[in-house]
Amino acid sequence: MRNYKNNRGWRIAKISLLPLLFILLLETTGYAQQTVTADTTVKTTPVGTSKIWGKVDGISIEGLVQGPSAAVSPLQVACVFEYTEGDIFNPPALPAALNGMVHLDEALHGQITALRKNGKFAGHALETILITPAKGALKAPRLLLIGLGNRNNFTPDLMTSVASVAMREALNLGVNSFSFASDIKDAGIDSPTALVAGNVTRGIIEAYRTQLYLRKNNLAAPPKINRVILLAGPAFFLTAGEGIKEAIASFQN
């Protein structure tokens with residue numbers, strides 16, 4: 001640093017300081033953390049991948065990497081929060097290409113958004129509405145929407161009750177299987193994937209066991225359901241599976 005007045009020495013000193021200055025800039029702007037995150041590989045699962053995570057009381061709990069508009073089943077269940085303008089289309093909602101609720105809405109020509117926007121379906125917690133789409137619009141002939149309430153008040157515990165409602169409605173409809181999409185991340189809520197998937201599994205099994213109790217006491221017909229398909233995005237399939245397996249194990253112990 002004594003050679004400041006020497007042009008050649010100044011250039012050498014300046015170059016030697018650049019790496020340090022660059023590191024300080026990264027740390028103060030937070031870009032360094034973003035760069036590390038960007039370099040971290042997220043393991044994704046191909047669309048269409050399915051796996052039976054386990055069975056309880058004769059019901060197969062299957063995971064499927066698929067959106068709710070494309071999943072094949074007698075009944076599709078999807079969840080939505082109370083409406084806010086552009087909620088499924090704008091950040092922090094997932095991009096349209098990865099957003100199952102956007103695809104579902106587009107398949108129905110915007111009618112889900114219309115129902116929510118005009119207050120015909122408010123999306124209050126555990127509110128339901130059953131839709132029969134035009135033939136071929138979805139891979140499922142019927143669509144059940146279940147409300148998640150105010151997004152600012154959401155907790156993963158709610159999903160146990162939501163899933164119980166889904167199972168009871170499916171039992172009432174007499175289907176032998178149904179697929180379930182939480183759609184929480186589609187709406188931009190950064191929920192704990194494994195915990196949500198586990199709670200969904202618990203709610204489904206608890207509601208089914210209630211039906212078995214009713215049947216045992218001659219208060220209901222025999223349930224027909226033998227399979228439940230839990231949908232997940234490519235980046236969340238494996239994590240969701242861990243939560244599902246843990247929930248299944250809790251009923252088998």
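Trainee: What volume does the largest pocket have?

Mentor: Happy to start there, and keep in mind that this is a predicted model. The pocket has 39 residues in its lining. Its volume comes to about 720 Å³.

Trainee: Which residues lie nearest the centre of the largest pocket?

Mentor: Let's begin with the elements around it. The lining draws at least two residues from each of β2 (59-65), α3 (100-107), β6 (177-181), α6, β7 (227-232) and α7. By class, 23 of the lining residues are nonpolar, 13 polar and three charged. Nearest the centre are Asp 186, Leu 231, Ala 232, Gly 233 and Phe 236.

Trainee: How do the residues lining the largest cavity divide by class?

Mentor: A search of the whole structure turns up one cavity of 30 Å³ or more, and the largest cavity holds about 50 Å³ of space. Its lining includes Cys 79, Val 80 and Phe 81, along with Asp 87, Arg 116, Arg 151, Asp 183 and Asp 186. The division is six nonpolar, no polar and five charged.

Trainee: At what angle do α6 and α7 pack?

Mentor: Look at residues 193-216 for α6 and 237-252 for α7; their axes are 7 Å apart. The crossing of α6 and α7 is right-handed. The angle between α6 and α7 is about 35°.

Trainee: Which residues of α7 meet α6?

Mentor: On the α6 side, the residues involved include Ala 194, Ala 197, Gly 198, Arg 202 and Ile 205. The contact of α6 with α7 divides into eight nonpolar, six polar and three charged residues. From α7, the partners are Thr 239, Ala 240, Gly 243, Ile 244, Ala 247, Ile 248, Ser 250 and Phe 251.

Trainee: What phi does Leu 126 have?

Mentor: You will find Leu 126 in the loop between α4 (111-117) and β4 (128-131). Most residues other than glycine have a negative phi. Leu 126 is not a glycine, yet its phi is positive, at about 75°.

How values were computed: Residues numbered from 1 in each chain as written. Predicted model: local features only at pLDDT ≥ 70, side-chain atom pairs only at ≥ 80, totals over all residues. Heavy atoms only, no water. Axes fitted to C-alpha atoms, helices over the stretch in contact; angles between N-to-C directions. Helix = DSSP H or I, 4+ residues; strand = E, 2+ residues; numbered from the N terminus. Left-handed = near helix turned anticlockwise from the far one by under 90°. Contact = heavy atoms within 4.5 Å. Nonpolar A, V, L, I, M, F, W, Y, C, P; charged D, E, K, R; others polar. 1 Å grid on protein atoms, 1.4 Å probe; cavity = no way out; pocket = protein on both sides within 12 Å on 5 of 7 lines; lining within 4 Å. Points joined across faces, edges and corners; volume = space filled by probe spheres on them.
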